[in-house]
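Please open the model in a viewer and keep the sequence panel beside it. The stops below are given in the order in which they may be selected.

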Amino acid sequence: MRLITRILLCASVLIVAAVLISCALILHAVDRQKRADAIKSAETDFSEIYYTISNVNTVLSDPILCDTYMTYKVKSASHLDQLTLSYDGTYLINNVGFTPEPFLSETSENGIYHYVITRVGGTLYLMIGTDVYYGDRIYIISMVRSLHELDAAMRTLILQCVVIGASVTVLFLFLAWFILSASLKPIRTLQSGAQSIASGDYGTRIDIHRKDEIGRLADEFNTMADAVENSISDLREQNERKQQFINDLSHEMKTPVTSLLLNSETLLTRTVSDADRERALSRIHEQAEWIERLSRKLMQLVVLSDQIELVLSPVVSLFDAVRETVVDSLDRAGVKLTVECNDETFLMDMNLMRSALVNLIENAIKASERGSTVELIARNNEILVRDHGKGIPKDEVARVTEPFYMVDRSRSKKLGGSGLGLALVKRIAEAHHAELVIESELNIGTSIFFRFSDAI
Amino acid sequence: MKNRILVVEDDTAIAEAIGLNLMLSEYEYKIIDDGADVVSYLEKDHGFDLALLDVMLPHLDGFELMQYMERYNIPVLYLTAKVDLASKIKGLRLGAEDYIVKPFEMLELLVRIEKILARTGKLNTILRYKTITVDLQKRTVQKDGDPVLLQPLEFDLLAILLKFKNCTLSRDRLLNEVWGFDFAGGTRTVDIHVAHLRKKLGPELNIVSVTKLGYRLED
C-alpha cells in the first residue's frame, strides 16, 4: 500500500471517530436539556391540574356520582386533550388513544406522581400520572404529552451533525492529501533519482533544497551518489587501463609469435640450405628469448605490490649493487657512469630499487653516444639518473611510462626492448610512495627523478 | 621470368622468414623495413608484381603507402596485426587486393599471393621442372618435348605440387586445394593420384612422401 494511502486511511479513521464522538456528545447534551425542559413544563402543568382536581369540597358517597364528579373536575382542567382518568382499570376519560397505565404503573408510588418518557407506536411520549383519593375510591389521573417536536428537533440536529461531520471529514482529508502529497513529492524525486542511478546513470543528483529531514536526506543522497560515481569511474578507469594493457599485450605478442610460427613452419615444411636453417633457428631463439623477457617483466609488474618490503637502507650499497649489474653494458656501449652520493638513507626495497635504477641506466645507455657519461645521483629526498643522450620529444614525455609505449619503435625492438621497462619503474616508484619525474630535452639529455615523499 | 615481390615489414625475423619462403617458391623479392625508404626506393625501381605491406611501419604506415603503390600500379596485400574490422575495411577500401592477419601460416600467404597474381594476370603460367614443362593456361604437360596426357585432377595435383615446390603439403591441404572443401572421399584418393603421376611422368618427378605430414616435390 502506498504511504500516502496509509496515512490518509489512518487520518480518516481518526477524524471520523472524533466527529462521531463530538456529535454524540453534542446530541446527548441537547437531548438532555430539551427533555429536562419538557419534563419541567409538564410537571408544572400537571401539578396545576392535580391541584385543581384534588381541591375537593364535597365528598360524595355514591360511586356513580363520584365518577361523574371526577369526570367533571378533569374536564374542567386545562390540557384536557392530554389527560386520562381511570378507576380500577376502567377509563372514564381517555383522549390520548392508548392506555398509559401499564407504562406508569411501574413508577407509581404512594400517589406521588412520577413521569416516564417512552415511545408508543413510533411517537415519543412524556407521561405523568398520580393516584387521586376521592372518598374511598382511588382514581388515576395521567397526562400524556407527545414529544414529537423534540423528536423532530433531534432528528434535524442529527442530520445536521451528519452533514457537517461528513463535510468536515471530506475537507480534512482533501487538505491532508494536498499537504501530504506536497511533502511526499521529494520522496518521489528521491525515488526516481535512485532508480536512474540504479539503471547506470551515475551522474544523477537530487535537486531538493529544504531544511527539513527530507532536505537532509537529499543532501546525504547526493553525497552518496558522489561517492558511488567516483568509485565507479575509478573502477571504470582501472578496467579500461587493464583492457588497454591486455590489448597492447596481445598486439605486442603478435609479432614475435608470427615470426616464431613462420620460421618454424618453414623449417618443418621446406627444404632449405644449412645457412638458411641456421638463420631461421637463431630467429626462433631470439624471439623466444624476447617472449621470455616480456613474461618475466609482466610477472614483475603483476606481483610487484605483494612482495615489497620497505627497509631503511643506505644509498651507497644500493648504488654499488647497481654499478655491478650495469658494468658490462657500460663497457659494451663505451659509456661512463659517475656516481654521486653521501650517507643518505631511504626507506626502500633494495631489490626493486636496484632493478628500477638498472632499467633507467640501461635506457640511458641506449640513448647515449659512445664516450658520453651517465650520472647516478642521490641528494636530499631524491635519486636521479641523468644522461646526455638524444632526449625524448616533448609531447611524448608523458606517455613513455605507459606499458608498451616506445618512442622509436623499430629501434628499441631491435635492441630487445619490451616497452615495459618504464612502466615497471613507475610502478616501483609508486610502491615506494615516490614520484617519478621525467625532464628531457631533445639532443641535450634526459633526467629521471625518484622524488621520495618524506625526506629522511 | 620470375615474379617480383616487395616486402615492407619492420620486424626483421618476419621479413626474413617471408623472404626465404618466397625464394624457395621461386619468387624474387626485396625487403624494406621503413615506410619512408619505400618511397625513395620506388623512384629508382618500381617493377614489382605485388607488395606485401605491414600496416604499422616507422615514418609512413602501410595505409599511407597505398597511394605510391597505386601510382606504380602495384597490387597490395596487407600484413596486419590489427584484428579490428575498421582497419580491414580501411585497407580494402583504399584499394588493397587482400589482407592477412598476423599470426598467419606461410602456406596461406603463398596461396593468397598466387591468387592475386593470377587475378592481376601477372602469374607466370609456364612452370618448368627439370625436363617437364607445365602450361597452366593451356593445361598441357610436356616431358622432353613430348605431350603427356593427364586426367584433370592429376593435372591440378601436379600444378599445386610444382607451385609449392620444396614445400611439404599435407594430404588435407591437397584435398582442399585440388578436390575442394566438399569432397567426400578420404585422403587415400591423394595417394592414388600421386601414384598415377609417378607412373605417368617417371622417376624424374621426385615426389617425396613425408611421414605423417604429406608430400613434397623436390628438385
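**Stop 1**

Select Arg119(B), which counts as exposed at 52% relative accessibility; here buried means under 20% relative accessible area, exposed over 50% and partly exposed in between, with a 1.4 Å probe and protein chains only. This is a predicted model, in which local features need pLDDT of at least 70 and side-chain atom pairs count only at pLDDT 80 or more, while totals for chains, interfaces and linings use all residues. Residues are numbered from 1 along each chain as its sequence is written, chains are lettered from A and ligands numbered from 1 in the order in which they are written, and side-chain values use heavy atoms, with hydrogens and water left out.

The term denotes a side-chain nitrogen of Lys or Arg within 4 Å of a carboxyl oxygen of Asp or Glu. Glu97(B) lies in the loop between helix H4 (85-93) and strand E5 (98-101) of chain B and Arg119(B) in helix H5 (residues 106-119) of chain B, so the pair ties together parts that are 22 residues apart in sequence. Helices (H or I, at least four residues) and strands (E, at least two) are DSSP runs, numbered from the N terminus. Glu97(B) itself counts as partly exposed, at 30% relative accessibility.

**Stop 2**

Pro75(B) is found in the loop between helix H3 (62-71) and E4 of chain B, and counts as buried at 9% relative accessibility. Ile5(B) is 70 residues away along the chain, yet the two C-alpha atoms are separated by 9.9 Å.

Next select strand E3 (residues 50-54) of chain B. Is this strand buried or exposed? Five of its five residues are buried, so E3(B) is largely enclosed by the rest of the structure. In a regular strand the side chains alternate between the two faces of the sheet. Here both faces are covered, with Leu50(B), Leu52(B) and Asp54(B) on one side and Ala51(B) and Leu53(B) on the other.

Now display the neighbouring strands. Strand E1 (residues 4-8) of chain B runs parallel to E3(B), joined by four bridges; two strands pair if DSSP finds at least two bridges between them. Ile5(B) has Leu50(B) as its bridge partner in E3(B). Strand E4 (residues 76-80) of chain B also pairs with E3(B) in the parallel sense, over four bridges, and Leu77(B) in E4(B) stands opposite Leu52(B).

**Stop 3: His193(B)**

Select His193(B), in helix H8 (residues 188-201) of chain B. His193(B) counts as buried, at 14% relative accessibility. Its side chain reaches the backbone oxygen of Thr189(B) at 3.0 Å. Leaving aside residues up to four places away in sequence, His193(B) touches Leu153(B), Glu154(B), Leu157(B) and Trp179(B).

**Stop 4: the interface of chains A and B**

Show both chains. The contact takes 22 residues from chain A and 32 residues from chain B. About 2,400 Å² is buried between the two chains, with carbon and sulfur atoms giving 57%; buried area is the accessible area (1.4 Å probe) that two parts lose on being put together, summed over both. In chain A, Leu262(A), Arg270(A) and Thr271(A) lose the most area to chain B, together 27% of what that side buries.

Two salt bridges cross this interface. To see one of them, select Glu16(B) and Arg279(A), whose side chains meet at 4.0 Å, N to O.

**Stop 5: a salt bridge in chain A**

Finally, select Glu229(A) and Arg205(A), whose side chains meet in a salt bridge (2.6 Å, N to O). Glu229(A) lies in helix H5 of chain A and Arg205(A) in the loop between helix H4 (148-198) and H5 of chain A, so the pair ties together parts that are 24 residues apart in sequence. Glu229(A) is partly exposed, with a relative accessible area of 29%.

Terms used: Contact means heavy atoms within 4.5 Å. A polar contact is a pair of N or O atoms within 3.5 Å; within protein, one must be able to donate a hydrogen and the other to accept it, and residues adjacent in sequence count only if both atoms are side-chain atoms.
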